[in-house]
Amino acid sequence: MIPKNHPRYQSLVLRDKVKNAFMEGYLADTGMIAHGRGETFDYLIGEKTVDSAYNAIEAAVATILLAKHPVLSVNGNTTALALDEMIELANETDSPIEINLFYRTDDRVDKISQLFKDHGYNNILGSNTDDLYYFDKIKNPRATASKKGIYIADVILVPLEDGDRAELLKTAGKKIICIDLNPLSRTSQMSDISIVDNVVRAIPLMTKIAREFKNKDEVFLQNIIDNFNNEDNLKESLNSFKIMKL
Ligand code: ATP
């Protein structure tokens with residue numbers, strides 16, 4: 001039990017969720033390492049949504065709302081940290097959720113499918129009963145794509161994606177929106193829109209903005225997208241790191 005008055009309470013709660021996901025068997029051990037790396041970057045941006053992330057979130061939401069087939073990808077970390085928040089974003093933006101694991105096993109996929117079901121989301125894509133396509137023709141478990149989801153998607157939100165998979169999706173012609181605390185990761189560098197923020201803050205904020213943007217017309221949304229430059233925004237994100245100012 002983490003005492004609520006602990007100065008690192010929020011961070012420890014997240015760490016506990018990630019550890020429990022590993023114990024429950026749906027998060028790979030490397031998922032815990034990825035979380036630790038994320039914690040470091042989060043510490044350095046002051047554990048808050050910085051302005052550049054806010055701008056990227058606005059561009060991301062506008063892109064999702066204008067997409068023909070947007071898909072929200074989830075893995076073990078996102079499930080552990082933001083399951084209900086992901087469902088809310090999916091409902092608000094009419095986007096399906098697809099399981100997309102770097103270390104895909106039937107057991108992990110079944111556990112994640114069940115968790116989403118338990119939280120009221122019944123038709124998750126990328127499950128073991130789904131009709132899956134493999135991007136690289138050989139049946140590489142890292143390269144799955146649901147024929148109703150990622151395979152036909154034009155825009156994919158990938159919170160916490162690994163660089164290899166991001167590259168695979170990009171090569172397949174998809175527009176990639178990532179949420180990644182590391183602005184220097186291969187995923188952040190190759191995405192079309194990189195949100196340098198923690199998934200636990202970024203996803204609910206995306207839902208809030210989607211609620212507001214749904215009432216706006218296409219010109220308004222397109223204008224937000226046209227005024228966003230990912231390269232400049234990543235540079236701005238890097239400047240938010242406290243270490244740069246020491
Ligand atoms: P790449 O292959 O893209 O260069 P990587 O090898 O660092 O990245 P992983 O080890 O899979 O990729 O780590 C995933 C990324 O997710 C890391 O950059 C980490 O900073 C980030 N990350 C971890 N936890 C969170 C979180 N809660 N919210 C957002 N990003 C996170």
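**Briefing: fold, surface and aromatic pairs**

Of the chain's 246 residues, 50% count as buried. The model is predicted. Its secondary structure comes to ten helices and seven strands. The radius of gyration is 17 Å, close to the 18 Å given by the globule rule for 246 residues, so the chain is as compact as a globular protein of that length.

**Overall dimensions and contacts**

- Taken along the principal axes, the box filled by the C-alpha atoms is roughly 50 × 50 × 30 Å.
- Among contacts in the chain with a separation of 6 or more, 63% are between residues 24 or more positions apart.

**Surface and charge**

- The chain has an accessible surface of about 12200 Å², and carbon and sulfur atoms account for 50% of that.
- There are 30 positive and 36 negative side chains, and the centres of these two sets lie 2 Å apart.

**Aromatic pairs**

- Five aromatic pairs are found in a search of the whole structure.
- One of them is the tilted pair of Tyr133 and Tyr151, with 4.2 Å centre to centre and 35° between the planes.
- Tyr133 lies in strand β3 (residues 132-134) and Tyr151 in the loop between β4 (144-146) and β5 (155-159), so this pair ties together parts 18 residues apart in sequence.
- Tyr133 is partly exposed, at a relative accessible area of 21%, and Tyr151 is also partly exposed, at 34%.
- Phe213 and Phe220 form an edge-to-face pair, with 5.4 Å centre to centre and 80° between the planes.
- Phe213 counts as buried at 2% relative accessibility, whereas Phe220 is partly exposed, with a relative accessible area of 31%.

How values were computed: Residues numbered from 1 in each chain as written. Predicted model: local features only at pLDDT ≥ 70, side-chain atom pairs only at ≥ 80, totals over all residues. Heavy atoms only, no water. Helix = DSSP H or I, 4+ residues; strand = E, 2+ residues; numbered from the N terminus. Rg over C-alpha atoms; globule rule 2.2 N^0.38 Å. Buried < 20%, exposed > 50% of the residue type's maximum accessible area, 1.4 Å probe, protein only. Contact = heavy atoms within 4.5 Å. Areas by Shrake-Rupley, 256 points an atom, 1.4 Å probe, with all protein chains shown as cover. Lys, Arg positive; Asp, Glu negative; His and termini not counted. Charge placed at Lys NZ, Arg CZ, Asp CG, Glu CD. Phe/Tyr/Trp six-rings, centres within 6.5 Å; stacked < 30°, edge-to-face > 60°.
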